[in-house]
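Subject: Structure for you to look at

Hello,

Here is the structure I said I would pass on. Please open it first; my notes follow below.

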Amino acid sequence: MNSSPEEDLAEIIFRYGEERLSRRIARTIVSNRPIHTTKELADLILKSVGRKERIHPATRTFQALRIAVNQELDAVKSVLPVAVDLLKPGGRLAVISFHSLEDRIVKEYFHRESKDCICPPRQPVCTCGHKAILREINRKPIEADEEEIKENSRARSAKLRIVEKL
């Protein structure tokens, strides 16, 4: 935060926070360094963006920084095959994701491993030799209903996907 180049911060905020105002936020951060507290950072982002939506505008930036520092997306990518390998045939794996980047990784992995062929659609004959190892239990993710979200606001972004090992 206090030492990364502006371009790197903007890229992290855009890629992992899906924040379209990432360059403006990065410029504000760099011009107000050093930043000592999360409140100071949140206030700078609010000032930079200039509006408050349903969720605080700093939420996406904090998410992006957390994902980048903890390498969370790489962890999700690497744990899925390991988790599937640990299952016995008929065993089920349930994964809850909390943001779209994580969910996309889970969805694409489950979908790919549920197909017998992953060759390009226009290829007339399969040459990949890929065999399905999973069956998707729910094609669409299970999401919290309004009542659950009222009880637990963090559930609003949770998506549950389930597969069964063949």
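Contact here means heavy atoms within 4.5 Å. Bear in mind that this is a predicted model.

With that cut-off, and leaving aside neighbours within four places in sequence, H99 is in contact with Q63, R66, I67, E72 and L73. H99 sits in the loop between β1 (92-97) and α6 (100-112). Its relative accessibility is 10%, so H99 counts as buried, the limit being under 20%.

P34 is another matter: it is 29 residues from Q63 along the chain, and the C-alpha atoms of the two are separated by 20 Å.

The other item is helix α2, residues 22-31. Its buried residues are S22, I25, A26, T28 and I29. Seen down the axis of α2, they fall within an arc of 160°, so they line one face of the helix. As background, an α-helix has 3.6 residues a turn, so residues three or four places apart point the same way. On the other side of α2, R23 and S31 are exposed. What covers the buried residues of α2 includes α1 (6-17), α3 (38-49) and α4 (58-70).

Regards

Terms used
Residues numbered from 1 in each chain as written. Predicted model: local features only at pLDDT ≥ 70, side-chain atom pairs only at ≥ 80, totals over all residues. Heavy atoms only, no water. Buried < 20%, exposed > 50% of the residue type's maximum accessible area, 1.4 Å probe, protein only. Helix = DSSP H or I, 4+ residues; strand = E, 2+ residues; numbered from the N terminus. Arc of directions from axis to C-beta.
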